[in-house]
Amino acid sequence: MDAAVPLAEAEADDAPPGAVRAAHASAHAVQRVVDETVAKLGGLDILINNAGIIVVASVADLTHDDFERVMAANFWGTFTPPLAVLPGMRTRGAGRIVNITSIGVKMPVPFLDLSAGARAWLTAFCSGVGRT
């Protein structure tokens, strides 16, 4: 999915008006969705940042491709949206970013090390962003 899809059409009948779901794989696609949303609504008050995949395996059994796939979703997929919305939120002097990660960040789960590690990065990154 390279473009915004009204969330109500994508997967939820009770989505709030104007909610969108967008692919996170492309910084260009994310920025386009943010720009279109700001143009349509006059600003962006909140970002619900929820992206991620898991690979269930022992670290010894993971391949380089596994790392690239998980990092593409769990690292870049969660890094790009906050960067796209922060300038507008700072200009307006308001806004909230809600990151949904995993309990595995605080309580490791066997065979989910790669996914938890990528999500731990998001937790640390956004904790710092909130203070700057």
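## A tryptophan to start with

Trp 76 has a relative accessibility of 48%, so this residue counts as partly exposed (between the buried limit of under 20% relative accessible area and the exposed limit of over 50%, with a 1.4 Å probe and protein chains only). Before going on, note that this is a predicted model, where local features need pLDDT of at least 70 and side-chain atom pairs pLDDT 80 or more, while totals for chains, interfaces and linings use all residues. Residues are numbered from 1 along each chain as its sequence is written, and side-chain values use heavy atoms, leaving out hydrogens and water.

## The overall layout

The protein chain has 4 helices and 4 strands, arranged from the N terminus as β-α-β-α-β-α-β-α. Both kinds of element are DSSP runs numbered from the N terminus: helices are H or I with at least four residues, strands are E with at least two.

Of its 132 residues, 30% count as buried. Among contacts with a separation of 6 or more, 59% join residues 24 or more positions apart; a contact means heavy atoms within 4.5 Å.

## Aromatic neighbours

Which residues form one aromatic cluster? They are Phe 75, Trp 76, Phe 79 and Trp 121. Rings of Phe, Tyr and Trp (its six-membered ring) pair if their centres lie within 6.5 Å; planes under 30 degrees apart are stacked, over 60 edge-to-face, and the rest tilted. The count comes to 5 aromatic pairs.

Phe 75 and Phe 79 are stacked, because their ring centres are 5.9 Å apart and their planes meet at 10°. These two sit 4 residues apart in helix α3 (residues 64–92), so about one helical turn separates them. Phe 75 is buried, at 17% relative accessible area. Trp 76 and Phe 79 make an edge-to-face pair, because their centres are 5.4 Å apart and their planes are at 80°. Both lie in helix α3, 3 residues apart.

## Inside the protein

The largest nonpolar core has 7 residues: Val 30, Val 34, Leu 44, Leu 47, Ala 84, Val 85 and Met 89. Such a core is a set of buried Ala, Val, Leu, Ile, Met, Phe, Trp, Tyr and Cys residues joined through side-chain atoms within 4.5 Å. Helices α2 (27–41) and α3 each give two or more residues to this core, and α3 gives the most, with 3.

Val 34 touches Ala 84 and Val 85, leaving aside residues up to four places away in sequence. Apart from this core lies another of 6 residues, including Ala 57, Leu 62, Val 70 and Ala 118.
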